[in-house]
Amino acid sequence: MYRRAIAPSVLAASLLLVIPASAASSVPGAPGIGDPYYPASGNGGYDVSHYDLRLKYEPKTDLLEGTATLLTTAEQDLSRFNLDFGLDVSEVRVGGVKAKFARSGTQELEITPASPLRRGKQTAVVVKYAGKPSQFKVDGWSAWHRTPDGGVAAQEPDSAIWWFPSNDHPLDKATFDVSVSVPDGTQAISNGVLQSQSSRLGWTRFNWRSNKPQATYLATLAIGKFDITTDTTANGLPIVNAYSKDLGDNAGAARASIERTGEVTEWLEGVFGPYPFNALGGYVPNVTSGYALETQTRPFYSPRQFANGANVSVVVHELAHQWYGDSVSVDGWKDIWVNEGFARYAQWLWSEKEGEGTAQELADWAWSTRPAEDPFWQVKPGDPGPDNQFHIAVYDRGAIALQALRNEVGDEKFFQILKGWPAERAYGNAKVGDFVRYAEKISGKPLAELFETWLYTAGKPAAPSPKSPAATARSLSAPTQQVEPRSWKKIAGTNTVHDHGGQVHDGHGH
């Protein structure tokens, strides 16, 4: 993010003499939260606890009108603070009083309240805005999908700036109310539970609530004409799935996969512990992209994920993220392994359950099919760099690291770790090092060297070998004897899960 540098002057210095001491001690909030991968992401000086978004969207013109109310708490005495946003703003109020605002950089909304904000005080910030999200670009790139009947916001590492003002970084999570008015016959899908729906004068309003802390990039909005199915889990949680009415030949496979969301979630609870949110489901809009995304409680799936038939493996991947990535989110984007390594390993465990190849066999195959000179082994999953944030090594080498951990500590401790971590860190943030220390605490073993080898050292490590006789029996004794696990191609078919079209944002590929 960007901030103008203003040179001090004698006049400015003299003015301090007539400014109250409380105002003089106030300083602007930082224009970035401090993430080295994405310096423009997030802001400093305040925390958002809740977003209330009241929106109106016209699919024919792509015009989005909104009033966003942010409940913020100043973490320092603030003379000015930034929000991340790209659409046109008409008015800003802070504590009910009109505030000055200006643009800087590509996505900075600089807000100067009428009087400084005191540290520790909660204040409502209201932003009124309008614009066409598809026309806002960052370095020629957009996270907003236009569809034949509407639009969709779903992208990583950010999509919020295309549809609501925010502190756009996973470190500042908040609860959400999203209220959207659309023409009758069109639906609006978002996160959490549909609280109410009403129609008036040709417009229908949908009110969604996500009542657990949620990162801004995990907030989603999908507007279009959908077939919607509803159900409840055995525990009584609502399941809402939505399918564009024009998915063509992919429609059947999409439904055959996503309608198993409840079943997959029930199985994942046995692996990762109780489901952490108030709703679940998924949606498939008519977009041309190929990726999927773990938008909280309601993952986004591109139709192309189902081009070869049912794809339950991608559903497993995105639902695993509800624990690893959504409830426990990255502290910084370099910690992406605590999301992706575990979601890929969940796919391996699903394969194990389905009898299509054990996690050990998949680890052996992933290891043996890539020679030492393959660039794959040069990527360090524990800190891959912004250009390799979604490199396949973060997924596959990251999952092999977990198999190496399983072999080292044994199944009992390993699965205790997989369940305990999202419980201990629920609704928070974590670094890779935090997981390493937790695994050491639960296992009672020193594991720093193991993780250093698999996550932070370039080059191909020795194969992760099982220790127990039972585990050895699962593993094939030599690479020349290995047979491709039945699930391998199915899982590899989801390698585009976060291949966001090769687009570039802030100079980095996704």
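Reader: At what angle do helix α6 and helix α7 pack, and how far apart are their axes?
Author: This is a predicted model. In the model, α6 (residues 337-354) and α7 (residues 359-368) pack at an angle of about 125°, and their axes are 8 Å apart. That makes α6 oblique to α7.

Reader: OK, which residues in α6 meet α7?
Author: From α6 you have Y345, W348, S351 and E352. In α7 they meet A359, Q360, L362, A363 and A366. By class, this contact has 6 nonpolar, 2 polar and 1 charged residues.

Reader: Switching to the sheet. In what order do the 8 strands come?
Author: The order is β6-β5-β9-β3-β2-β12-β15-β14, in an open sheet with mixed pairing. The edge strands, each pairing on one side only, are β6 (97-98) and β14 (193-200).

Reader: And β2 with β3, how many bridges there?
Author: There are 12 bridges, and β2 (residues 46-58) runs antiparallel to β3 (residues 63-74).

Reader: New topic: where does Q296 sit?
Author: Q296 is in the loop between β20 (292-293) and β21 (300-301).

Reader: Is Q296 buried or exposed?
Author: Q296 has a relative accessible area of 0%, so it counts as buried; the cut-off for buried is under 20%.

Reader: What is Q296 in contact with, leaving aside neighbours within four places in sequence?
Author: With those left aside, the contacts of Q296 are N191, G192, S210, K212, P213, Q214, A215, L218, F277, Q322 and D326.

Note on methods
Residues numbered from 1 in each chain as written. Predicted model: local features only at pLDDT ≥ 70, side-chain atom pairs only at ≥ 80, totals over all residues. Heavy atoms only, no water. Helix = DSSP H or I, 4+ residues; strand = E, 2+ residues; numbered from the N terminus. Buried < 20%, exposed > 50% of the residue type's maximum accessible area, 1.4 Å probe, protein only. Contact = heavy atoms within 4.5 Å. Pairing = 2+ DSSP bridges. Axes fitted to C-alpha atoms, helices over the stretch in contact; angles between N-to-C directions. Parallel < 35°, antiparallel > 145°, perpendicular 65-115°, else oblique. Nonpolar A, V, L, I, M, F, W, Y, C, P; charged D, E, K, R; others polar.
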